[in-house]
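Thanks for making the time this morning.

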Amino acid sequence: ELSIYGKDSLFEFVIRNISYPNIRDRYKEAMQKLENDDPELAEFIVLCAYMHNCHVPLSFEMAYDYFLGLYPEINYVDIFNLKKDSNDIIKDYVPNDNNQKYEDMDYYYPRSRYAASVILDSCSVDLLKNVLNNVIENIGSYRICDYSIFRKYAFDKRIVFSAFPSWKEGKKFYENAYVYDRNNPYVLQQGALYLAQKQQYDLAFEWIDRAINMTD
């Protein structure tokens, strides 16, 4: 048993030993345990899943900046240890086309897009909210490889709806994202859809008008 456990991260160990037949239920239970027992590792895994959901890998530099903003005493070794402790949940990213822009540092991604989706669905609302807020607070857009791709998915109303049950907090996130993304009208459009889904129709129409006026 000890030798088997030694090959697993805590996350993997929990998943293997939970009797739920549904893999999403297993992930949910594992994420709950991980958030309690090792919150930094849980946040690293969700950060990586969020980036993968945005169709970009998480670079070592991005992860370092993210956690440095939360824990000023953190060092490079701590980031390597988070990756190591995630075991095979998080893998080293190797592009299919041998793109040289990925050769300057380590990049990470969940072992599958399905795994990324399940992780985002399984983590707590508070953790998902923190990750979205901390990305735009701590990671400069210039740090994100393929930022033009990232921005198409990072502020989608569906992920924001999951992270921000409170429309006031969601509105604040979109306001910050709008500044972060250099006044991109797409952010306003997604914000308007989010606000409409939260039944804040007056604000939604106002934001749509702002977006239209920017694109005229």
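Before the first number, one definition: a residue is called buried here when its relative accessible area is under 20%, exposed when that area is over 50%, and partly exposed in between. With that in hand, and keeping in mind that this is a predicted model, we can say that 45% of the 216 residues of the chain count as buried. The secondary structure comes to 13 helices and three strands. As for how the chain meets itself, if we take contacts between residues at least 6 apart in sequence, 65% of them join residues at least 24 apart.

The largest nonpolar core has 63 residues, and Tyr 50, Phe 150 and Phe 155 are the ones with the most contacts inside it. The element that gives the most to this core is helix H4, residues 39-53, which supplies ten residues.

His 52 counts as buried because its relative accessible area is 12%, and, leaving out residues up to four places away in sequence, its contacts are Tyr 109, Pro 110, Ser 112, Arg 113 and Ala 116.

Helix H5, residues 60-68, is another mostly covered element, with seven of its nine residues buried. These are Phe 60, Met 62, Ala 63, Tyr 64, Asp 65, Tyr 66 and Phe 67. What lies over them includes H4, strand E1 (58-59), helix H6 (76-85), strand E3 (107-110) and H8.

The H8 side of that arrangement can be followed through Asn 138, a residue of helix H8. At a relative accessible area of 17%, Asn 138 falls on the buried side of the cut-off. Its contacts, with residues up to four places away in sequence not counted, are Asp 65, Tyr 66, Gly 69 and Leu 70, and its side chain reaches the backbone oxygen of Tyr 66 at 3.2 Å. The C-alpha atoms of Asn 138 and Met 62 are separated by 8.7 Å, although the two residues are 76 apart along the chain.

Leu 127 is also in H8, and it is buried, since its relative accessible area is 8%. Neighbours within four places in sequence aside, Leu 127 is in contact with Met 31, Glu 35, Ala 42, Glu 43 and Val 46. For Glu 43, which is 84 residues away along the chain, the C-alpha separation from Leu 127 is 6.9 Å.

Now a word on backbone geometry. Most residues other than glycine have a negative phi. Against that background, His 55 has a positive phi of about 70°; this residue sits in the loop between H4 and E1 and is partly exposed, with a relative accessible area of 38%. Arg 182 also has a positive phi, near 60°, and is placed in the loop between helix H11 (167-180) and helix H12 (185-197). Arg 182 counts as exposed because its relative accessibility is 64%.

How much space lies in the largest pocket? The figure is about 300 Å³. Fifteen residues line this pocket, and the closest to its centre are Asn 53, Leu 120, Arg 158, Ile 159 and Ser 162. Helix H7 (113-122), helix H8 (125-138) and helix H10 (157-163) are the elements that give two or more residues to the lining. Sorted by class, the lining has six nonpolar, five polar and four charged residues.

With a relative accessible area of 39%, Ser 162 is partly exposed. Ser 162 touches Val 125 and Leu 128, not counting residues up to four places away in sequence, and its C-alpha atom is separated by 9.8 Å from that of Ser 124, which is 38 residues apart from it along the chain.

How values were computed:
Residues numbered from 1 in each chain as written. Predicted model: local features only at pLDDT ≥ 70, side-chain atom pairs only at ≥ 80, totals over all residues. Heavy atoms only, no water. 1 Å grid on protein atoms, 1.4 Å probe; cavity = no way out; pocket = protein on both sides within 12 Å on 5 of 7 lines; lining within 4 Å. Points joined across faces, edges and corners; volume = space filled by probe spheres on them. Helix = DSSP H or I, 4+ residues; strand = E, 2+ residues; numbered from the N terminus. Nonpolar A, V, L, I, M, F, W, Y, C, P; charged D, E, K, R; others polar. Core = buried A, V, L, I, M, F, W, Y, C linked by side-chain atoms within 4.5 Å. Buried < 20%, exposed > 50% of the residue type's maximum accessible area, 1.4 Å probe, protein only. Contact = heavy atoms within 4.5 Å. Polar contact = N/O pair within 3.5 Å; in protein donor to acceptor, adjacent residues only side chain to side chain.
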